[in-house]
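Hello,

The structure we talked about is below. My notes on salt bridges and surface follow it.

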Amino acid sequence: MKNKVSDVRDHLVAMLEALGDETAPAEKMALTIERAKATSQVANTYIAAVKIELDAIELFDEVGRTTVAVDPPPRTPALPGAR
């Protein structure tokens, strides 16, 4: 995988094709179903993360920012005794 939404789409389509294989033995189909469930959960998480990134870009566009930091800035250590 190359970490692109199109790659996620390709994996999902491949999983649909595997689920539609009427010639697959029952044991293989049971494993395919379990893999499809796991793939769906991972894909949903990935897509939700991408949506958050796109929402952030859209928000920054609305307020006139031109750059978006995908990674948060490093945290500055708190001073001793500070709360």
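Helices here are DSSP runs (H or I, at least four residues), numbered from the N terminus. The model is predicted, so local features need pLDDT of at least 70, side-chain atom pairs count only at pLDDT 80 or more, and totals for chains, interfaces and linings use all residues. Residues are numbered from 1 along each chain as its sequence is written, and side-chain values use heavy atoms, leaving out hydrogens and water.

Salt bridges come next. The term means a side-chain nitrogen of Lys or Arg within 4 Å of a carboxyl oxygen of Asp or Glu. The whole structure holds 2 of them.

One pairs Glu34 with Lys37, with the closest N and O atoms 3.6 Å apart. These residues lie 3 apart in helix α2 (residues 26-63), so about one helical turn separates them.

Another pairs Lys51 with Asp55, and here the closest N and O atoms are 3.0 Å apart. They sit 4 residues apart in helix α2, so again about one helical turn lies between them.

Now accessibility. Buried means under 20% relative accessible area, exposed over 50%, and partly exposed in between (1.4 Å probe, protein chains only). Glu34 is partly exposed at 47%, and Lys37 is partly exposed at 48%. Lys51 is partly exposed at 49%, and Asp55 is partly exposed at 38%.

Last, Leu16. This residue belongs to helix α1 (residues 5-19). Its relative accessibility is 60%, so Leu16 counts as exposed.

Best wishes

Notes
Helices (H or I, at least four residues) and strands (E, at least two) are DSSP runs, numbered from the N terminus.
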